[in-house]
Amino acid sequence: MIQIGSIVWGVTDVGWAIRFWCEALHYQLMEPPSEDWAKLCPREGAGIQLSLKLVTSPKARRHHIDLFTDNREAEVDRLIRLGASRVDWNYEPGADYTVLADPDGNRFCVVQK
């Protein structure tokens, strides 16, 4: 069996990314971070590890995650209050997702379950 063990997320500010993603996902640091690396995991229960890696090249920042929720609109609003922003996106009719960018400009989707 194979499963996702971690998503590696390229960021230009590891400290900012730690604060944003810990709050957004209810995660915590697994161990003290270094200047260029941090590992996050769910505060409670099992889940996918999120690793944050310092990058200096925009081309090295290729990644994407989908966040599933029962209340997309409320979560989009909450994430925007935390520092996310809406992305100009050409949505197909009936789209069940919203494209956002984290404070570092990384795009992700909030998907209605």
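**Cysteines and overall form**

1. A search of the whole structure finds 0 disulfides, a disulfide being a pair of cysteine sulfur atoms within 2.5 Å. The sulfur of C22 lies 8.6 Å from the closest cysteine sulfur, that of C41, which is too far for a bond.

2. C22 is buried, at a relative accessible area of 11%, and C41 is buried too, at 19%. Here buried means under 20% relative accessible area, with a 1.4 Å probe and protein chains only. Of the 113 residues of the protein chain, 37% count as buried.

3. The model is predicted: local features need pLDDT of at least 70 and side-chain atom pairs pLDDT 80 or more, whereas totals for chains, interfaces and linings use all residues. Residues are numbered from 1 along each chain as its sequence is written, and side-chain values use heavy atoms, without hydrogens and water.

4. The protein chain contains 2 helices and 8 strands, in the order β-α-β-β-β-β-α-β-β-β from the N terminus. These are DSSP runs: H or I of at least four residues for helices, E of at least two for strands.

5. How far does the C-alpha trace of the protein chain span along its principal axes? The spans are about 45 × 35 × 30 Å.

6. Among contacts in the protein chain with a separation of 6 or more, 51% are between residues 24 or more positions apart; contact means heavy atoms within 4.5 Å.

How values were computed
Buried < 20%, exposed > 50% of the residue type's maximum accessible area, 1.4 Å probe, protein only.
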